[in-house]
Amino acid sequence: MQVSTLSQSLALRSSINSMRAQFDDLQRQLATGLKADSYADLGTDRNLVLSLSHQLSQLQTYTNTISQTQMRVEVSSDALTRVSQIAASMKTTNMTTGFELVNGTQTSAQVTAAMQFDEVINLLNLQIEDRYLFGGRDTQTRPVAVPDAMMNGTADQAGLKQFIDERAQADLGVDGRGRLTLGLAGATVTLAEDAAPSVFGFKLDGVASTLTNATVNGPAGAPPEIEVDFTGVPLAGESVMLDLTLPDGTTTRVTLTATTDNPPAAGEFTLGADAATTSVNFQAALDTAIQSEANTRLKAASAVEAANNFFDYANGGVPQRVDGPPFGTATALRDATQADTVFWYSGDQTGVAGNNMIAKIDDGRQIAYGARADQAAIRDTLKAAALMTAVEYTGADPEEVHSYKALTQRLGTVLNFESTPSVESIVTGLGLTAATLANTQDRHDTMMATANELLGDIQNADPYEVGVKLTTLQTQLEASYQVTAMLSRMSLVNYL
C-alpha cells in the first residue's frame with residue numbers, strides 16, 4: 001500500500017468541495033425549480049432568455065390593453081344597443097299612438113319619450129374606471145348635460161324649450177302667418193315673403209293652377225311674390241296649388257279649390273258673381289289656409305328646426321339661436337354662448353365623431369374604437385326623445401292634432417337614419433372591433449404559451465432529473481468522505 005501524499009489529499013479535498021458545490025446547486029434547483037439563479041449562469045442560453053422575457057413583457061402589456069379595451073367596447077356596445085332599442089321603440093310608438101292627452105298636456109307617447117330621454121342621457125354619461133365612454137378623447141368631462149338643464153335651461157342659460165319657443169315666434173311671425181303677407185289690389189291677390197330677407201317662416205317654392213279666367217305668376221321679385229289675377233270667374237272644381245318650403249327643409253302644399261258653396265269648406269273658396277268678389281273670397285280662403293298651415297305643419301317644422309339648432313352644432317361647434325328679442329321680427333340666427341345657453345354636449349369635438357380612441361394592441365398595430373355622443377345617429381335619437389318631451393299641447397285647439405301628426409311624422413323620418421349610419425350600425429362596428437380584439441388576444445395567448453414553454457425548457461429544472469443527480473452525488477460524497485477518513489488515519493506505525 002502506498003502512503004497518501006499531501007497532493008493526493010488536497011486533490012481529494014478539492015473533488016469533495018466541487019461535489020459539495022454541485023450538491024448545493026442541485027438542492028437549490030429542487031427548491032426553486034430553476035436551473036440557474038442569474039442570467040449569467042445560463043451560459044449561451046442567456047440571450048435567448050432575455051429576448052423571450054422581453055417579448056413576454058410586451059405581450060403582457062398588449063394583453064392588458066386589450067383587456068381594458070374589450071371591457072370599454074363591451075359596455076359601450078351594450079349601452080348603444082339599448083339606445084338603438086329606444087330609437088326603434090319611439091318610431092313604432094309614434095306611428096301607432098294617437099293624439100290623446102293623458103296628463104293634460106302630452107300624449108302617452110310623449111310621456112314614454114320623457115322617460116327614454118332620461119335613460120339615453122344616463123347611458124351616454126356612463127363611466128368605466130373613471131373614464132366617460134362617449135366623450136371621445138376627453139374622458140374626464142361628462143359629455144352630456146343633465147336632463148333638466150338640457151330641457152329647461154338654468155337661471156342664465158336657455159334650454160331646448162326656450163329654443164323651441166323663440167324659434168316658433170320667429171317662424172310664425174307676429175301675426176301667425178308664417179312671415180307671409182297677403183295683399184289685394186283690384187282683382188289681384190298677392191302673397192309675398194317678408195320684405196327683409198329672413199331665414200324664418202314659409203318660403204314660396206312654386207305655384208300651379210287649373211283656374212280659367214285667372215292668371216297665376218311667381219314666385220318672383222324681391223321679396224318673392226305670387227300673384228293670382230282674376231280676369232273673370234273660374235269654374236267650380238278648378239284649383240290653385242301653392243308649394244311652401246318649411247324651416248326644416250321639408251315642403252307642404254296649400255290647395256284651394258273653387259266651389260259654389262257658401263260658406264266654403266276647408267281648402268275651398270267661394271266663386272263670386274264677378275272677378276272682384278271672387279278675388280275677395282279667394283284672399284279670405286288663402287288667409288285662413290295659410291294661418292292653419294302655420295299653426296300645424298309650420299309649427300311642427302319650426303320645433304324640429306329649433307331642435308336642430310340646439311343639437312346640431314355648427315359654426316365651430318356651437319348651437320344657433322334666434323337673434324332677438326324681438327323674436328317675431330327676427331331675420332337671422334346667432335351663435336349661442338356658454339353664458340346664455342346650455343350646451344348639451346361638452347365632450348371632444350375634434351375630427352369625425354366615432355372611433356376616436358386609440359389602443360396599441362400589437363407591434364406596429366393600433367386600433368381605433370369607441371363612439372361619441374355627438375355621432376349623428378346617437379345625437380338624433382336623443383334629439384327625437386328630447387323634442388317629444390319638450391312639446392306640449394292644450395287640447396283646446398282642434399288643429400293641434402294635425403300639428404302633432406306633422407311632428408311625429410318628421411321624427412319618424414329622423415329615426416329612419418336614411419342619410420346617416422344608424423345606431424345599430426355603430427353597434428355592429430363595435431362588434432367588429434371586439435372580434436378583432438379577441439382574435440388578437442388569441443394570437444398573443446398562443447405566442448405567450450410558446451414563449452413560456454421555451455423559457456421553461458431553458459430555465460426550469462426537472463425535479464426528477466435533479467433528484468436522481470442528488471442521489472448519485474450524495475452516494476459519491478459519502479464514499480469520498482469515507483476515503484478521506486481512512487486516509488486521515490494512515491501513519492507509518494499503522495502501516496508497519
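Axes are lines fitted to C-alpha atoms, for helices over the stretch in contact, and angles run from 0 to 180 degrees between N-to-C directions. The model shown is predicted: local features need pLDDT of at least 70, side-chain atom pairs count only at pLDDT 80 or more, and totals for chains, interfaces and linings use all residues. Residues are numbered from 1 along each chain as its sequence is written, and side-chain values use heavy atoms, with hydrogens and water left out.

View 1. Helices (H or I, at least four residues) and strands (E, at least two) are DSSP runs, numbered from the N terminus. The chain has 496 residues, and 44% of them are buried. Buried means under 20% relative accessible area; exposed is over 50%, and partly exposed lies in between (1.4 Å probe, protein chains only). Take the contacts between residues at least 6 apart in sequence: 67% join residues at least 24 apart. Contact means heavy atoms within 4.5 Å.

**View 2. Helix H6 packs against helix H7.** The angle is about 130°, and the axes are 10 Å apart. H6 and H7 are therefore oblique to each other. (Angles under 35 degrees count as roughly parallel, over 145 as roughly antiparallel, 65 to 115 as roughly perpendicular and the rest as oblique.) The crossing of H6 and H7 is right-handed. A crossing is left-handed if the near helix is turned anticlockwise from the far one by less than a right angle, and right-handed if clockwise. H6 brings Ala303, Val304, Ala307, Asn308 and Phe311 to the contact, and H7 brings Arg379, Leu382, Lys383, Ala386 and Leu387. By class, seven of these residues are nonpolar, one is polar and two are charged. (Ala, Val, Leu, Ile, Met, Phe, Trp, Tyr, Cys and Pro count as nonpolar, Asp, Glu, Lys and Arg as charged, and the others, Gly among them, as polar.)

**View 3. Helix H5 also packs against H6.** H5 covers residues 160-172, and H6 covers residues 275-311. Their angle is about 130°, with axes 8 Å apart. H5 and H6 are therefore oblique. H5 passes H6 in a right-handed crossing. Among the contact residues are Phe163, Ile164 and Arg167 of H5, and Leu298, Ser302 and Phe310 of H6. The contact holds 12 nonpolar, two polar and four charged residues.

**View 4. Arg167 sits in helix H5.** Arg167 has 2% relative accessibility, so this residue counts as buried. Leaving out residues up to four places away in sequence, Arg167 touches Val199, Phe200, Pro247, Ser302, Glu305, Ala306, Asn309, Val322 and Leu333.

**View 5. Arg379 sits in helix H7.** Arg379 has 17% relative accessibility, so this residue counts as buried. Leaving out residues up to four places away in sequence, Arg379 touches Phe311, Asp312, Trp344, Ala373 and Asp374. Tyr345 is 34 residues from Arg379 along the chain, and their C-alpha atoms are separated by 9.4 Å.

**View 6. The largest nonpolar core has 70 residues.** Such a core is a set of buried Ala, Val, Leu, Ile, Met, Phe, Trp, Tyr and Cys residues joined through side-chain atoms within 4.5 Å. Leu80, Met150, Trp344 and Leu382 have the most contacts inside this core. Helix H7 (residues 376-390) gives the most to the core, with nine residues. A second, separate core has 31 residues, including Ala187, Phe230, Leu242 and Ala301.
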